[in-house]
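The sequence and the structure are shown here.

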Amino acid sequence: MTLFYALIALGSLALIFGLILGFAAVRFRVESNPIVDQIDTILPQTQCGQCGYPGCRPYAEAIANGDEINKCPPGGEATVKKLADLMGVEAKPLAGGEQAEPIKTVAYIREDECIGCTKCIQACPVDAIVGATRQMHTVLIDECTGCDLCVEPCPVDCIDMLPVKETKQTWKWQLNAIPVTQVD
Amino acid sequence: MEKLIDQIKQGKVWPFPGGIHPPGQKQQSTTQAIARLPLPDKLVVSLKQHIGANGKLIVEKGQQVLKGQALTKPSGNWSVPVHAPTSGLISDICPMPSAHPSALPELSVIIEPDGEDNWCELNPVTDAKALSHDELVDVIHQSGIAGMGGAGFPTYVKADTRKAIEFLIVNAVECEPYITADDMLMREHADGIVAGIELMQQLLSPQLTIIGIEDNKPDAIAAMKQAAQHNDSIIVQTVPTIYPSGGEKQLIKLLTGKEVPSGSIPADIGMLVQNVGTLFAVNQAVYEGKPLIERVVTVTGNTIHKQGNVWALLGTEIKHLLDCQGFSPAPQQRVVMGGPMMGFTLPTVRIGVVKTTNCILAPDHQELAEPGDEKACIRCSACADACPASLLPQQLQWFAKSKEYDKLNEHNLFDCIECGACAYVCPSEIPLVQYYRVAKAEIKEQQAEQIKAERAKERFEARKERLEREQEERQNRHKRKPAAKSDDEKQKVADALARVKAKSDDTDSKSAVAAAIARAKAKKQGAELEPDNSEVAKERAARKEQARKYKEQKALEQGEESVDKDDKKSAVAAAIARAKAKKAAQATESQAEAEEAAPVDDKKAAVAAAIARAKAKKAAQAAESQTVAEADSAPVDDKKAAVAAAIARAKAKKAAQAAENQTEAKEDSAPVDDKKAAVAAAIARAKAKKAAQAAENQTEAEEDSAPVDDKKAAVAAAIARAKAKKAAQAAENQTEAEEDSAPVDDKKAAVAAAIARAKAKKAAKEQAQSDESSEQLDDSSDTDDSKPQVDEPESSEDKKKAAVARAIARAKAKKLQQEGNDKS
């Protein structure tokens, strides 16, 4: 008889906890792996594909699944460091021996040489090139991520990757710099 | 509120924490009245002299402008116009070093004064009370007034605030050492300043206006009190001399006891601060109609002979100011724009005065020593005591050094006003403010990058979505297509077929070349008896049947008339011939057939052969269209077939010659045109060559497959040659067309250049590929050394050639462009 009571008690307890767990699983359901979103926000979103994945989010997913964190040249060391902190792994030097501080570039089309083939428009991952067939194309500099993807398809080699121009807003005080005076 | 106003009226001030007492150094520059300078040789008016966007440029190089004429037009986003400081000629509009520590170039209008100093038409307002709020704001906006205390915030934005303003605070503190521009302005133009204050009162209707003046400016206090006597709502408040009481937030705390919360602006707590210089400019703009084209600048420092204040036209080069005041530079002379605390050393003195330039300090080495080496922080906390914003400079310094930007934000780095009090008191001479500025710039950059990354992500996602949608649409279209085809398209196809049939039915004369082809085919097929397209053959056979019947009748008639003697024989022969002709027709038209049939009987044969030949001819005619003339000249003897072929060949040759002639003619006319034509012609010629090669290859193939008959091959070759010629001609014609329009339009030249470049690129690529492949060959076939050895130098040579070709092409393109430009 005692055994019977014990079985009922334990069984009912198991049922209750099972229901609670089942409810929690539905109610507090996590849509996708939140780590992927966190990694994605750290990545520079140039969508350049230099990591070997078609865009930043696929790479974020790959990192979440255990891929190396040092495959993002546009992000530089800073991104690797942040990813290392987030993933709890050792920070590594960039794969491929890229420089730690990448120079930010944007694409410029030498407009008088453009033949209007639209190939670069198709290559641009962020739709930052405007133009039409047989019409001159141009790059929306503010939207360009500097991913280099438009350079290769150009049949007439009229796209240059130029470093982003320094403005008063982006200028930084140079600590420890030798003061330079212009001599008139 | 009432209590607060009472307290203020009783002269109560609420000291802010921290602050320092640097030596004033103001007496040197207050001994003389504000001086007027001779006109400089040139004025460099930067388009951006304030916080916000540039105005839109409305003048151009070489234009004559009058004093006060607007150079830019404001276009929203806090943009403020700039005006010509004097009359003269705009000699250039180009980027010039800007009044910023970096001296990064900023687009500037360079004016050469004509010395006349002619004002443009001014529209002074006599009764400002009659102006509406918006009209008054517009006057301030169009006059290009921006905060003249140092930050350069557009005044019209402040004047147009929608928030209720309780206190209008007039900043006449001028706490920084050396600077006396506001002091002197107040002494000389107190009435004008008060008039400006009253205009602001009209716009903002504050409960109280407080003019805050430090107690080291007794003359200015007296002058302002005198000027503001008539207005009860204006209080002149004397505040103790302490740096940085002139900071906006510090002054609000000092005069009203209220603190501006972190991250908000004074207007949020009903305060609005204006500099005295700005208020004077407002007065000038409204009552005299004069835009902001000059300001008071203190020129001081021990290397200046005549220290004092001057009215400087905006855009006057600092060098001119210094020279006019007697500048004797020491070795490694520093020139500072702004005061010694918050100013910056100018990289060059060829920078124009801007709306925020209140002081030019040219100190010698004793009065403003070069900062010494940074020593280790001793954690004395003197900086924290001096900080007027109650921050922890020492902590901020550590975080800035280790780039811990999150921590910096936690410690409210952005509440730092960069007054430099901490660095002033630091016994270790740590350039604290520099660290904060770098950290601020880094954080701002990171934030900007974050925003940009966010936008890039959005755009990338949007693009992905769009591409997916497009693909889906395309697939849907493919699904829908077959149904549509069943009705419309089929009808179209049927129509087209019918048209083709109709066309092939009528046998009007086509070109001799076509005939030659037909005959060549006939001959070939006759010899080899190769049935080709069976359906076409059947169709042709049917047609031939009809023709044959007709011919038969005709021949019978003829026979009855002329060859009556041998009825039976001829009938038999005719029957044989017919049968043979039929066979020939079935195997597609053939003359050779007739040849075989010929030598049975002399007479019979002659008739039969004639009939057969005629039939064969007819068949050929029906199939591929032969000229009537040839049919007429149809030979009696079988040798004549050869003659016909010869004729055809001759014709083909003729045509080819004609084509050649034409080509030559075209080529003759080509060199007349310019080099563009040459390039284009070269391309065309290359094409022609390619076509010819292809044709030749074909010919060779044909020769290989049918080496039995040399003549056929010759004919085919002739045809091929003719074709090549024709192609060349066509290309030439095209070229001609291009040439004709080329000189007119330099775009076409660009197109040609682009083509050339594209070709060059392609060539280079192919070269690279072939190089790679040859290298691969090299790798894979180590045993066979001879081939790669031969290949490699060649390919490298080719590479070089390609590079050279590319260079030539580019040079040509450039030349073309130049020519085009010259022409246009």
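The sections below take up a recorded site, a sheet and a helix in turn.

**Annotated cysteines of chain A**

The model is predicted. The UniProt record, an unreviewed entry, assigns the feature "binding site" to Cys124(A), Cys144(A), Cys147(A) and Cys150(A). These residues span 27 residues in sequence, yet no two of their C-alpha atoms are more than 10.5 Å apart, so they gather at one spot.

Two of these positions can be described further. Cys147(A) lies in the loop that runs between β3 (138-139) and β4 (159-163) of chain A, and Cys150(A) is also placed in the loop between β3 and β4 of chain A. Are these two cysteines buried or exposed? A residue counts as buried when 20 or more other C-beta atoms lie within 10 Å of its own. The table gives the counts and the resulting class.

| Residue | C-beta neighbours inside 10 Å | Class |
|---|---|---|
| Cys147(A) | 25 C-beta neighbours | buried |
| Cys150(A) | 23 C-beta neighbours | buried |

Leaving aside residues up to four places away in sequence, Cys147(A) is in contact with Thr46(A), Gln47(A), Cys48(A) and Pro125(A). With that exclusion again applied, the contacts of Cys150(A) are Ala107(A), Cys120(A), Ala123(A), Cys124(A), Ile129(A) and Ile159(A). One of these contacts, Cys124(A), itself belongs to the "binding site" feature in the UniProt record.

**A six-stranded sheet in chain B**

Chain B contains an open sheet of six strands with mixed pairing, in the order β1-β13-β12-β16-β14-β15. The edges are formed by β1 (35-36) and β15 (344-345) of chain B; each has a single partner strand, so one side of each is left without a neighbour in the sheet.

Within this sheet, β12 (294-300) and β16 (359-361) of chain B pair in the parallel sense over three bridges. Thr300(B) has Leu361(B) in β16(B) as its bridge partner. Helix α4(B) packs on the sheet and touches β12, β13 (308-313) and β16 of chain B; the direction of α4(B) makes about 125 degrees with that of β12(B).

**Helix α5 of chain B**

Which residues of α5 (218-227) of chain B are buried? They are Ala220(B), Ile221(B), Ala223(B), Met224(B) and Ala227(B). Viewed down the axis of α5(B), these buried residues fall within an arc of 165 degrees, so they line one face of the helix. Pro218(B) and Asp219(B), on the other side of α5(B), are exposed.

The cover over the buried residues of α5(B) includes β8 (167-172), α4 (181-204), β9 (208-214) and β10 (234-239) of chain B.

How values were computed: Residues are numbered from 1 along each chain as its sequence is written. Chains are lettered from A and ligands numbered from 1 in the order in which they are written. This is a predicted model: local features need pLDDT of at least 70, side-chain atom pairs count only at pLDDT 80 or more; totals for chains, interfaces and linings use all residues. A residue is buried if 20 or more other C-beta atoms lie within 10 Å of its own, exposed if 12 or fewer, and partly exposed in between; C-beta atoms are placed from the backbone. Helices (H or I, at least four residues) and strands (E, at least two) are DSSP runs, numbered from the N terminus. The arc is that of the directions from the helix axis to the C-beta atoms. Two residues are in contact if their C-beta atoms, placed from the backbone, lie within 7 Å. Two strands pair if DSSP finds at least two bridges between them. Axes are lines fitted to C-alpha atoms, for helices over the stretch in contact, and angles run from 0 to 180 degrees between N-to-C directions. UniProt positions are given in the numbering used here, feature names are shortened, and annotations may be inferred rather than shown by experiment.
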